[in-house]
Every structure is written in structure tokens, then in C-alpha cells.
Amino acid sequence: MGARPRPANLFGIPLHIDASWFVVAALMAWSLARGYFPALYPHWPPMGHALLGLGATLLLFGCILLHELGHSLVARRHGIRVACVTLFMFGGVASIMDAPRTPWVELQVALAGPLVSLALALGAAALVMWEPAHQLVGPVGLALASYLAIVNVMLIVFNLLPGYPLDGGRVLRAILWALTRNVRLATRIASALGMALGLSLAALGGWRVLRGQGLGGLWYVVLGLYLHRSASASFQMARGGG
Ligand SMILES: [Zn+2]
């Protein structure tokens, strides 16, 4: 570590921001400022779209951070060590050091993140639907809140896909572990599904690239391959040692 600055700390959990995050955050702010917000609010000035894009990107990553903190704090409450939370190009990840000891603990840790996202989505949606709040937050606050409601629902749906190491895959592993009482078998099944999910995502991305949706399609290809690689590492690990 030496001369490196101390990382920021959240509830005693170090926060790392990977260099790849800055690239993706810049791309995302740009695409929101040039595509998403101008389509919804065509009469607002371009500078307004740019600031909205930047604000929405930072708030989205704030939501991702809270999601990961959800996993981390529940894990820590069960005596599981959490090394750090990292923001990187695919979102966030909590580096949980110890394997959960029981399926029930695994289930709680896995569901904590999506439950935080659900609370954020509901809070943002309530702000959009509850008219007395509109004057308080103004049109800009409303635009951000409706974006956050949508994007948190998308985060929940994606994270709950049943492929390990996604949250949904961890939920599935916990259930299979409880049913079979065999954590290795449960991990093998859940991570095999994760590998299949990763390849499907990459194939979907490839199809989108062929249809001319270059950047968006490429994103799915890279994300799918990353998911496939992580799942296959878990599969290999659960295969060793019987
Ligand atoms: Zn999660």
C-alpha cells in the first residue's frame, strides 16, 4: 500500500473506486445527457441535460453503493468479514471474505442488497407520485427521481436473475443448499446457470451489435463474458476436492 492514500470509509468498510468506473460513468453521463433526458424534456437547455446526466449518474452509483452496503452490513452482522466495497465498470461489488455458514445466512446476505434497491425505488416512485412533494423538489428533482425509480427496478431485476454469482444465483444456491444439504452441489448448479446466463447475455449483445445498436450491444457482450468468467471460476472451485 505504501504511499497510496487511505480509501474512503463507509461504516468502517473501505470504499475503492476502480479506474474503469470513471470511464463508464463518463459514458453513462454522456448518453443520459445526449439521449435519455433530451427525449423526455426536449424544451430544457442542453446545459440542463448535461447537468441532469451528471447528477443522475452520480445518484445511480450512490444507489449501487447503498445496495452493496446492504449486503456488507448484513454480512457483518452475522460475523462475516467484508474487506471492501468496490465500484467498477459493471457496478458495485462487496468483497465478502468468509463463506456463509448456513443457507439462511446466505439468503439474508443475498437479499439485503435487492431490498435496499427496492426501498430506493419505492422512495423515488413515491416522490414522483405524491404531488405535494413536487413543489419541494422542483422539475429537476422530479426528473432525477423518476430516473432513479426506473433504474433501481432495473437493478433489482438484473441482480435477481438466477445465476451465481448474481444475487438471484445466491438466493438459488441458498435454497438448493437447504434442500440438498450439499453446498458444493448447490454452488455447481447455481454457477452453471450463471455461466449459461452470461453466455446468453453475450449472445443477446452480439445480436444487438448486428442490428446496429453498437455501444449498447457491446456492453451486453462484455458484461455477459464477465459474468460467465466469474460463474465458471465458482463452478471450478466447487468442483475441486469432491
Ligand atoms: Zn447485490
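Start by selecting Ala19, which is exposed because 8 other C-beta atoms lie within 10 Å, and a count of 12 or fewer is classed as exposed. The model you are looking at is predicted. Ala19 belongs to helix H1, residues 19-40. Ala19 and Leu87 are 68 residues apart along the chain, and their C-alpha atoms are separated by 9.1 Å.

**Leu60 in H2**

Move on to helix H2, residues 46-77, and pick out Leu60 within it. Is Leu60 buried or exposed? Leu60 counts as buried, because 22 C-beta neighbours lie inside 10 Å and the cut-off for burial is 20 or more. Then select Arg76 as well and compare with the previous pair. Leu60 and Arg76 are 16 residues apart along the chain, with their C-alpha atoms 24 Å from each other.

**Phe11, between two strands**

Phe11 sits in the loop that links strand E1 (8-10) to strand E2 (13-17). Phi of Phe11 is positive, about 50°, although Phe11 is not a glycine. Most residues other than glycine have a negative phi. Phe11 counts as exposed, since 10 C-beta neighbours lie inside 10 Å.

Next, select Tyr164 and Pro165. The peptide bond from Tyr164 to Pro165 is cis, and its omega is near 10°. Most peptide bonds are trans. Pro165 is part of the loop between H4 and H5.

**Helix H5**

Now select residues 167-180, which form helix H5. Does the length of H5 agree or disagree with what its 14 residues should span? At 1.5 Å a residue, H5 should span 20 Å, and its end C-alpha atoms are 20 Å apart, so the two agree.

Colour the buried residues of H5: Asp167, Gly168, Gly169, Arg170, Val171, Leu172, Arg173, Ala174 and Trp177. What covers these buried residues? The cover includes helix H3 (103-129), helix H4 (132-159) and helix H6 (183-210).

**H3 against H5**

Two packed helices are described by the angle between their axes and the distance between the axes. Show H3 together with H5. Their axes are 9 Å apart, and the packing angle is about 160°. An angle over 145 degrees counts as roughly antiparallel, so H3 and H5 are roughly antiparallel to each other. The crossing of H3 and H5 is left-handed.

To see the contact, select Pro103, Glu106, Leu107, Ala110, Leu111, Gly113 and Pro114 on the H3 side. On the H5 side, select Asp167, Arg170, Val171, Arg173, Ala174, Trp177 and Ala178. The residues of this contact of H3 with H5 divide into 9 nonpolar, 1 polar and 4 charged.

Follow the chain out of H5 to Arg181, which comes after the helix. Arg181 lies in the loop between H5 and H6. Phi of Arg181 is positive, near 55°, in a residue other than glycine. Is Arg181 buried or exposed? Arg181 counts as exposed, because 10 C-beta neighbours lie inside 10 Å.

**H5 against H6**

H5 and H6 pack at an angle of about 150°, and their axes are 8 Å apart. H5 and H6 are therefore roughly antiparallel to each other. The crossing of H5 past H6 is right-handed.

From H5, the contact is made by Gly169, Leu172, Arg173, Leu176, Trp177 and Thr180. From H6, select Val183, Leu185, Ala186, Thr187, Ile189, Ala190, Leu193 and Gly194. The contact of H5 with H6 consists of 9 nonpolar, 4 polar and 1 charged residues.

**H6 against H7**

H6 passes H7 in a left-handed crossing. By class, the contact of H6 with H7 has 18 nonpolar, 13 polar and 4 charged residues.

How values were computed. Residues numbered from 1 in each chain as written. Predicted model: local features only at pLDDT ≥ 70, side-chain atom pairs only at ≥ 80, totals over all residues. Helix = DSSP H or I, 4+ residues; strand = E, 2+ residues; numbered from the N terminus. Expected span 1.5 Å × (residues − 1). Contact = placed C-beta atoms within 7 Å. Axes fitted to C-alpha atoms, helices over the stretch in contact; angles between N-to-C directions. Parallel < 35°, antiparallel > 145°, perpendicular 65-115°, else oblique. Left-handed = near helix turned anticlockwise from the far one by under 90°. Nonpolar A, V, L, I, M, F, W, Y, C, P; charged D, E, K, R; others polar.
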